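Keep the 3D view open as you read.

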Amino acid sequence: MTWLPMLAGALLVLFVLRDLFHTLWHPTRHGGLSRLVMMSLWRLSAGLGARWRPAGLAGPMGMVAVLAVWALTVSVGWALIYWPHMPDDFSYSSELDPSQHATPLDALYVSLVTLATLGLGDIAPTAGWLRVLAPMEALVGFVLLSATVAWILGVYPALARRRTLALRLSHARRSRTGAGALDSDGGAALLDGLASALSTITVDFLQYPESYYFYDVDERTSLPLQLGHAVGLADQAAEAGHPDVRLAASVLRTALDDLAGVLDERFLRTDGAPDRVFAAYADDHGRGRGRGHGRGRGPDQGRGEGRRSGPA
């Protein structure tokens with residue numbers, strides 16, 4: 001029955017490769033393993049008290065955990081393929097007794113060495129098909145390394161764009177931009193810029209949903225805590241006399257509705273209007289942090305509490 005562990009190992013490897021593909025190159029909700037790990041650490045951070053999540057560790061630790069799970073699962077999968085063929089189809093160095101080094105732990109050792117492309121050579125495959133399979137595992141190891149770099153280079157610029165938008169909203173709030181200032185060509189330009197930035201953030205959440213699980217310690221760069229001001233600007237500008245300002249306000253409100261739709265569908269699931277979604281988003285990211293860093297609502301809480309009344 002050597003084919004049973006081999007089949008299980010092949011399924012594990014294919015499962016990880018599928019998850020990696022959907023997480024990095026075809027972002028959908030099918031990247032279940034990475035999403036589950038990130039969400040679990042986010043919820044755990046909420047349950048560890050008032051200090052752990054504000055330290056901003058949930059997102060980075062989540063990415064590290066996902067990469068570790070990918071690497072370990074692939075290693076175990078290939079080990080299950082090697083193990084039934086040890087020691088007969090492997091060569092051993094003179095210091096090793098083949099009969100004493102044919103356990104599942106030895107198979108995992110061979111798999112880890114191959115995945116890391118170390119090539120120690122103390123245990124090496126001799127059967128023809130295994131000699132082809134081992135380099136394929138090394139290629140998967142190279143893919144994991146490349147994926148790690150690509151993931152970091154994608155997520156952190158997305159976080160920078162999100163924080164930049166939050167800071168722009170904070171500047172507008174602290175400068176006390178009122179209805180009179182908005183009712184001008186400059187006000188229309190401000191609203192257009194915010195709508196464009198919001199559209200970029202919406203795409204970032206679709207492309208890199210893992211960025212949701214990063215906590216922003218500084219209130220000025222925390223988008224969940226600054227979005228309310230964007231809603232207020234859109235409401236004020238909707239009553240302006242300048243037609244360009246009213247048009248820009250309509251575009252801004254549409255951009256806000258689109259962002260709310262993505263947040264609700266992917267993370268929050270309140271089934272509520274955009275204002276309700278933004279409130280849940282702020283709660284989940286520490287609204288009231290000045291009152292003891294309140295835990296807020298988890299990403300999947302609030303399902304069925306209301307019907308969506310705004311565009312998704």
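Helix 1 passes helix 3 in a left-handed crossing; a crossing is left-handed if the near helix is turned anticlockwise from the far one by less than a right angle, and right-handed if clockwise. Please keep in mind that this is a predicted model, where local features need pLDDT of at least 70, side-chain atom pairs count only at pLDDT 80 or more, and totals for chains, interfaces and linings use all residues. Residues are numbered from 1 along each chain as its sequence is written, and side-chain values use heavy atoms, with hydrogens and water left out. Helices (H or I, at least four residues) are DSSP runs, numbered from the N terminus.

| Helix pair | Angle | Axis distance |
|---|---|---|
| Helix 1 (residues 3–25) and helix 3 | roughly 155° | within 7 Å |
| Helix 3 (residues 58–82) and helix 4 (residues 104–115) | about 125° | 8 Å |
| Helix 7 (residues 185–207) and helix 8 (residues 223–237) | about 140° | 12 Å |

Angles under 35 degrees count as roughly parallel, over 145 as roughly antiparallel, 65 to 115 as roughly perpendicular and the rest as oblique. Helix 1 and helix 3 are therefore roughly antiparallel, while helix 3 and helix 4 are oblique to each other.

Contact here means heavy atoms within 4.5 Å. Between helix 1 and helix 3, the residues that meet include Leu-12, Val-16 and Asp-19 of helix 1 and Trp-70, Val-74 and Trp-78 of helix 3. Helix 3 crosses helix 4 in a right-handed way, and among the residues in that contact are Val-74 and Trp-78 of helix 3 and Leu-108 and Leu-112 of helix 4.

Helix 7 and helix 8 cross left-handed. Leu-191, Leu-194, Leu-198 and Ile-201 of helix 7 touch Leu-223, Leu-227, Leu-233 and Ala-237 of helix 8.

Trp-42 sits in helix 2 (residues 32–47) and Tyr-213 in the loop between helix 7 and helix 8, 171 residues apart.

How values were computed: Axes fitted to C-alpha atoms, helices over the stretch in contact; angles between N-to-C directions. Helix = DSSP H or I, 4+ residues; strand = E, 2+ residues; numbered from the N terminus.
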